[in-house]
Amino acid sequence: PFAKITQTAHYVPDNIVSNDDLAKIMDTSDEWIYSRTGIKQRHITVDENTSDLAAKVGEQLLLQADLSADQIDFIIVATISPDSSMPSTAALVQAKIGAHRAFAYDLTAACSGFVFALSTAEKLIAGGYTRGMVIGAEVLSKSLDWSDRSTAVLFGDGAGGVLLENTGTKPLIIAEHLRTDGSRGNSLTSNHLELQPELLGRSKPVAEFIKMDGRAIFDFAVRDVPKNIQETLEKASLKPEDIDYFLLHQANSRILDKMAKKLGAERSKFLQNMQDYGNTSAASIPILLSEAVKNGKLSLDRNSKIVQTGFGGGLTWGTLIVNL
Ligand SMILES: O=C(O)C1CCN(c2ccc(-c3cc(CO)ccc3Cl)cn2)CC1
């Protein structure tokens, strides 16, 4: 059996924070943010946590597919901003949507999370499961140091996901190449928990904010990611011109410019929505995919070939060449 993406959906909190809103509370400007990142605004939650955003996506997928929740075998949530470690956000989603038969777990691979999770889910379907949900969901606003303008302006909250079913007539993933380099992990960090050797007088674990060595991560993206995309295309004996759209992690628009140039592909093939949502880490690719399907740029039944590439904390990066 081949897995097929049969539905896509996304959900973001209503509350919008513009660059000008941020300029009122920190030393930055719309001009600086937009020229350096391509971001104009981001959605910041008021009263919805990560599992609430993810559950909204799950409910939409069921509605669109006209399925009842107990027809779902598994739920994987890719996130670095779970409601908690235990229970997992996926377990909370399972309860909220009433998917009584589904097993559920979170997957942590930062901004590559959705790509790693989709690769995993495809193997679950190939191994015999019938239907599953893969959701990227983040409330990064919980982990932002609003006094650090170098990171606070970059990130946003949101969720997106897909329904996978075993009704495919061709492989979902034509080729993939998933990478990790933990030795460079210290350039993009969050939520480090300190050792607590003393049994008494335990101090609270240090729940750190998102910290980033922007230069190091920018250089990593520009150097390692195009190579990864090229290697994966070669694995599939494909060239950039064979790809309809490139759905890359929405971290920075100048990075998309450089990627397109390095790959010799048209910039217009690199879908972009960071202007509306900022960087939503594991949610960025599924939100982009869901919007492209909803606005007709992509269809789930038109034999399109897309590239999905995540890159970020870990460091992790990876490319899937996907048949829609
Ligand atoms: O131009 C400037 O001064 C600054 C230079 C630094 N910038 C950066 C640097 C890195 C990222 C980034 C973040 C993640 C985390 O999801 C993943 C992947 C990337 Cl490439 C985003 N922005 C912003 C503009």
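Okay, ground rules. It's a predicted model, so local features need pLDDT of at least 70 and side-chain atom pairs count only at pLDDT 80 or more, while totals for chains, interfaces and linings use all residues. Numbering starts from 1 along each chain as its sequence is written, and side-chain values use heavy atoms, with hydrogens and water left out.

So, the cores. By nonpolar core I mean buried Ala, Val, Leu, Ile, Met, Phe, Trp, Tyr and Cys residues joined through side-chain atoms within 4.5 Å. Buried is under 20% relative accessible area, exposed over 50%, partly exposed in between, with a 1.4 Å probe and protein chains only. The largest core has 42 residues, and among those with the most contacts inside it are Phe246, Met259 and Ile321. Two or more residues each come from helix 7 (214–235), strand 11 (245–248), helix 8 (253–263), strand 12 (305–312) and strand 13 (316–323). Helices (H or I, at least four residues) and strands (E, at least two) are DSSP runs, numbered from the N terminus. The top contributor is helix 7, with eight residues. There's also a second, separate core of 34 residues, including Ala109 and Val322.

Let's zoom in on Phe246. This one sits in strand 11 and is buried, at 0% relative accessible area. Leaving out residues up to four places away in sequence, Phe246 touches Ile229, Pro240, Leu263, Ala265, Lys269, Phe270, Leu271 and Val307; contact here means heavy atoms within 4.5 Å.

Next, the helix pair. The axes of helix 7 and helix 8 come within 10 Å and cross at roughly 40°. That makes helix 7 oblique to helix 8. For the terms, axes are lines fitted to C-alpha atoms, for helices over the stretch in contact, with angles from 0 to 180 degrees between N-to-C directions. Under 35 degrees is roughly parallel, over 145 roughly antiparallel, 65 to 115 roughly perpendicular, and the rest oblique. Residues meeting across this pair include Phe218, Val222 and Ile229 in helix 7, and Ile255 and Met259 in helix 8.

Last stop, helix 4. In this helix (residues 89–97), Thr89, Ala90, Val93, Gln94 and Ile97 are buried. Down the axis they fall within an arc of 145°, so they line one face of the helix; the arc is taken from the directions from the helix axis to the C-beta atoms. They pack against helix 3 (50–65), strand 4 (74–78), strand 5 (103–107) and strand 6 (131–139).
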